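Here are a few notes to read alongside the model.

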Amino acid sequence: MTRMDFTHVNAANQPTMVDVGQKAPTRRLARAHCRVVLGAELLGRVRAGELPSHKGPVMHTAILAGIMGAKKTADLIPLCHPLGLDDCQITIEPDGPDALRVVCTAVVTGRTGVEMEALTGASVAALTIYDMCKAFSHDITITGVQLIEKTGGKRDFLRSTNS
């Protein structure tokens, strides 16, 4: 196995931001997802729009929150480069009889990847669903937050469908 060094640690073993100034800008895409297990009854209510909220419909509000979260990633993750996203899309769809699948796709033309933005966007959307539904049940689980695809950097990545 090849020894790997952490990218955010300098020769003196101190935290440091990665210098990406010499890299050529490329179009980069990252897609991440997670699953929000609500239970069949609560999922039915969410899908039917039966949950009253001053914030708006649960899924629409979660989509907005996920996009906003992706845009704020550098404020949340230490040493993460601030990126001006070219695009960020959140989709929320049923995943089985009791859950929702949240997918965030982030795109930038830049010198560093958007994996953290995609992961943050999916996570914040899922947390928003939890927040808006917790009055009805605290038995809500967010699982499987993971990168499923990235393109445009040093190496591409595509998670196998069995993962």
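1. Let me start with a charged pair: arginine 45 and glutamate 50 form a salt bridge, with their closest N and O atoms 3.9 Å apart. Please keep in mind that this is a predicted model. Both partners count as partly exposed: arginine 45 has a relative accessible area of 26%, and glutamate 50 has 47%.

2. A second pair to look at is aspartate 75 with lysine 72, a salt bridge whose closest N and O atoms are 3.6 Å apart. Aspartate 75 is exposed, at 60% relative accessible area, whereas lysine 72 is partly exposed, at 48%. The structure holds nine salt bridges.

3. The largest nonpolar core has 23 residues, and Leu38, Val102, Ile129 and Cys133 have the most contacts inside it. Strand E1 (26-37), helix H1 (40-48), helix H2 (58-71), strand E2 (87-94), strand E3 (99-110) and H4 each supply at least two of its residues. H4 gives the largest share of this core, six residues. Apart from this core lies another one, of seven residues, including Ala30, Ala32, Val108 and Leu147. As background, nonpolar side chains in soluble globular proteins tend to be buried together.

4. H4 has 19 residues and spans 27 Å from its first C-alpha to its last, close to the 27 Å expected at 1.5 Å a residue. Its buried residues include Glu117, Thr120, Gly121, Thr128, Ile129, Met132 and Cys133. Leaving aside residues up to four places away in sequence, Ile129 touches Val36, Leu38, Val58, Ala62, Ile92, Leu100 and Val102.

5. One last item, on the surface: Leu127, Ile142 and Val145 form a nonpolar patch there, with about 230 Å² of accessible area together. Leucine 127 lies in helix H4 (residues 115-133).

Definitions and conventions:
Residues numbered from 1 in each chain as written. Predicted model: local features only at pLDDT ≥ 70, side-chain atom pairs only at ≥ 80, totals over all residues. Heavy atoms only, no water. Patch = residues over 30% accessible without salt bridge, like charges linked within 9 Å, V, L, I, M, F, W, Y side chains within 5 Å. Areas by Shrake-Rupley, 256 points an atom, 1.4 Å probe, with all protein chains shown as cover. Salt bridge = Lys/Arg side-chain N within 4 Å of Asp/Glu carboxyl O. Helix = DSSP H or I, 4+ residues; strand = E, 2+ residues; numbered from the N terminus. Core = buried A, V, L, I, M, F, W, Y, C linked by side-chain atoms within 4.5 Å. Buried < 20%, exposed > 50% of the residue type's maximum accessible area, 1.4 Å probe, protein only. Contact = heavy atoms within 4.5 Å. Expected span 1.5 Å × (residues − 1).
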